[in-house]
Amino acid sequence: MAGAQPGVHALQLQPVRVSDGLKKGTKFVKWDDDSTVVTPIILKTDPQGFFFYWTDQNKETELLDTSLVKDARCGKHARAPKC
């Protein structure tokens, strides 16, 4: 662009806001694409939102980097998206 100055339109990113519900733990249902088994879990995230971790009924805990999440659905009956 004519007359544009470099660095004038710098983007200012805001820190991620993680809800208190996710910090304290919220009930979710987890399932894998390879299985038809659904598992009720308590899902939490760290205060910065970098990691998800959950505890199942057997008190086993798993950890997942947020950047590895490929799909999340909401609603009473989440359905598979149409391709």
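The model is predicted, so local features require pLDDT of at least 70 and side-chain atom pairs count only at pLDDT 80 or more, whereas totals for chains, interfaces and linings use all residues. Residues are numbered from 1 along each chain as its sequence is written, and side-chain values use heavy atoms, with hydrogens and water left out.

The chain contains 1 helix and 4 strands, and their order along the sequence is α-β-β-β-β. Helices (H or I, at least four residues) and strands (E, at least two) are DSSP runs, numbered from the N terminus. Of the 83 residues, 12% are buried; buried means under 20% relative accessible area, exposed over 50%, and partly exposed in between, with a 1.4 Å probe and protein chains only. The accessible surface of the chain is about 7,800 Å², and carbon and sulfur atoms hold 56% of that area. Accessible areas come from the Shrake-Rupley method with a 1.4 Å probe; for residues, only the protein chains shown count as cover. Where contacts (heavy atoms within 4.5 Å) link residues at least 6 apart in sequence, 13% of them join residues at least 24 apart.

The 4 strands build an open sheet in the order β1-β2-β3-β4, with antiparallel pairing. Strands pair if DSSP finds at least two bridges between them. Strands β1 (26-31) and β4 are at the edges with a single partner strand each, so one side of each has no neighbour in the sheet. From one strand to the next, the twist averages 40°; axes are lines fitted to C-alpha atoms, for helices over the stretch in contact, and angles run from 0 to 180 degrees between N-to-C directions.

Within this sheet, β1 and β2 are joined by 6 bridges, and F28 has I41 in β2 as its bridge partner. Strands β3 and β4 are paired over 5 bridges, again antiparallel, and F51 is partnered by D65 in β4.

The hairpin of β3 and β4 has 5 residues between the strands. K59 lies in the loop between β3 (51-55) and β4 (61-65), and its phi is positive, near 65°. Most residues other than glycine have a negative phi. K59 counts as exposed because its relative accessibility is 68%.

V38 belongs to strand β2 (residues 38-45) and is exposed, with a relative accessible area of 51%.
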